[in-house]
Amino acid sequence: MELIPYTRDMENKAMQRTGFFLHNENPSPLMQTVMEKIQRQMQAEHEYRQAVRAGRIEPVQSTNWNISDRH
């Protein structure tokens, strides 16, 4: 019985880097959509942080902290 490494399908394939994604030459349309959505989300978060640091907008408190041991 021959042992086949579990990375057999990953060997000797051309890989491309798109932003911070590493993918094969032809990612599926679904993966392209997901990668684009993640990149847009990351860019929006970066722009928000830059605007907060520059003082153009107030940071939004998105959670309600209930610091009590009586709940």
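## Exercises on a predicted model

At 42% relative accessibility, Met31 counts as partly exposed (buried means under 20% relative accessible area, exposed over 50%, partly exposed in between, with a 1.4 Å probe and protein chains only). This is a predicted model, in which local features need pLDDT of at least 70, side-chain atom pairs count only at pLDDT 80 or more, and totals for chains, interfaces and linings use all residues. Residues are numbered from 1 along each chain as its sequence is written, and side-chain values use heavy atoms, with hydrogens and water left out.

**Exercise 1.** Place Met31 in the fold.

*Solution.* Start with the order of elements: from the N terminus, the protein chain runs β-β-α (helices, H or I, have at least four residues and strands, E, at least two, as DSSP runs numbered from the N terminus). Next, look at residues 29-54, which form helix H1. Met31 lies in this helix.

**Exercise 2.** Describe how E1 and E2 are arranged.

*Solution.* First, take strand E1 (residues 15-18) and strand E2 (residues 21-24): they run antiparallel and are joined by four bridges (strands pair if DSSP finds at least two bridges between them). Then find Arg17, which stands opposite Leu22 in E2. Finally, check the turn: the two strands form a hairpin with two residues between them, and Gly19 in the turn has a positive phi of about 65 degrees.

**Exercise 3.** Find what share of the 71 residues in the protein chain is buried.

*Solution.* Apply the burial cut-off given above to the chain. Buried residues make up 7% of the 71 residues.
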